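Here is a briefing on one protein chain. Look over the sequence and the model before reading the points below.

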Amino acid sequence: MNIFRLAGDMTHLASVLVLLLKIHTIKSCAGVSLKTQELYALVFATRYLDIFINFISFYNTVMKLIFLGSSFSIVWYIRCHRIVRRSYDKDQDTFRHLFLLLPCLILALVINEKFTFKEVLWTFSIYLEAVAILPQLVLLQRTRNIDNLTGQYVFLLGAYRALYILNWIYRYFTEEHYVHWITWIAGIIQTLLYADFFYYYFQSWKKNVKLELPA
């Protein structure tokens, strides 16, 4: 554990709390992509299969439970909550997210660190997380007018991955034989997907205007 890893974890946790705050208190999921939330639920479900058989630390287990529980809770809210689901914009959230699954699975079967069931699913989750934000970014471009909590949620998600890249750099120079190309490349691709959003987010913050993305 180092300061960059801890900051990344806390930023990731903050992003989830911001989204849950929006959904639970305002009773609205306007501007939130169900497709992205379903992909994240699948990411955590396949990544944390070992939660009850491979104990690393109390901190690690708690974080796994939080991300598993929160991701499925968000999906439930958007799909099933009698008030929240009314604000879901199904007509705009049309990204065909299921088409992301097969390429990620094939890639995980072909390029992995160890060809075992657990390792392939873990690698699949890494590849899928790299592109899971795409439906959300497309939805924001279509709706253009983005509320503060949704904008903060996406910003924190991107910041979490950027902080993890700093964590990898730090560990590369401080730990022997620390090389994880799959995680590194997927993480860099994931961060680059946020580049356009980051630009407009900082522009809106600098000019003190409402965040809008170009169509």
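Helix 3 has buried residues at N60, T61, M63, K64, F67, L68, S70, S71, I74, V75, Y77 and I78. Buried means under 20% relative accessible area, exposed means over 50%, and partly exposed lies in between (1.4 Å probe, protein chains only). Helices (H or I, at least four residues) and strands (E, at least two) are DSSP runs, numbered from the N terminus. This is a predicted model, in which local features need pLDDT of at least 70, side-chain atom pairs count only at pLDDT 80 or more, and totals for chains, interfaces and linings use all residues. Residues are numbered from 1 along each chain as its sequence is written, and side-chain values use heavy atoms, with hydrogens and water left out.

**Helix 3**
- Helix 3 covers residues 58-80, which is 23 residues.
- From first C-alpha to last, helix 3 reaches 32 Å, close to the expected 33 Å. The expected span is 1.5 Å times one less than the number of residues.
- The cover over the buried residues of helix 3 includes helix 1 and helix 2.

**Helix 2**
- Helix 2 (residues 34-47) has 14 residues and reaches 20 Å between its end C-alpha atoms, close to the 20 Å expected.
- Of these 14 residues, 12 are buried, so helix 2 is largely enclosed by the rest of the structure.
- At the start of helix 2, a side-chain oxygen of S33 comes within 3.3 Å of the backbone nitrogen of K35.

**Helix 5**
- Helix 5 (residues 117-131) has 15 residues, and its end C-alpha atoms are 22 Å apart, which agrees with the 21 Å it should span.
- Helix 5 is largely enclosed by the rest of the structure, because 12 of its 15 residues are buried.
- Among the buried residues of helix 5 are E119, V120, F124, L128 and E129.
- The buried residues of helix 5 pack against helix 2, helix 4 (101-110), helix 6 (134-143), helix 7 and helix 8 (181-193).

**Nonpolar core**
- The largest nonpolar core has 58 residues. Such a core is a set of buried Ala, Val, Leu, Ile, Met, Phe, Trp, Tyr and Cys residues joined through side-chain atoms within 4.5 Å.
- Helix 7 (residues 148-174) gives the most to this core, with 9 residues.
- Y40, L128 and F197 have the most contacts inside the core.
- Beyond its neighbours within four places in sequence, Y40 is in contact (heavy atoms within 4.5 Å) with S71, E129, A132, I133, Y153, L157, Q190 and Y194.

- H12 is found in helix 1 (residues 3-26). H12 is buried, at 6% relative accessible area.
- Leaving aside neighbours within four places in sequence, H12 is in contact with F44, F67, L157 and Y160.
- H12 and V120 are 108 residues apart in sequence and 24 Å apart in space, C-alpha to C-alpha.
- T150 lies in helix 7 and counts as buried at 1% relative accessibility.
- The side chain of T150 makes a polar contact with the side chain of D147, at 2.8 Å. A polar contact is a pair of N or O atoms within 3.5 Å; within protein, one must be able to donate a hydrogen and the other to accept it, and residues adjacent in sequence count only if both atoms are side-chain atoms.
- Outside four places in sequence, T150 is in contact with K22, A30, G31, V32, Q136 and L140.

**Cysteines**
- The structure holds 0 disulfides (pairs of cysteine sulfur atoms within 2.5 Å).
- C29 is buried at 0% relative accessible area, and C104 is buried at 7%.

**Loops with positive phi**
- K27 is not a glycine, yet its phi is positive, about 60°. K27 sits in the loop between helix 1 and helix 2 and is partly exposed at 30%.
- H177, in the loop between helix 7 and helix 8, has a positive phi near 60°. H177 is exposed, at 77% relative accessible area.
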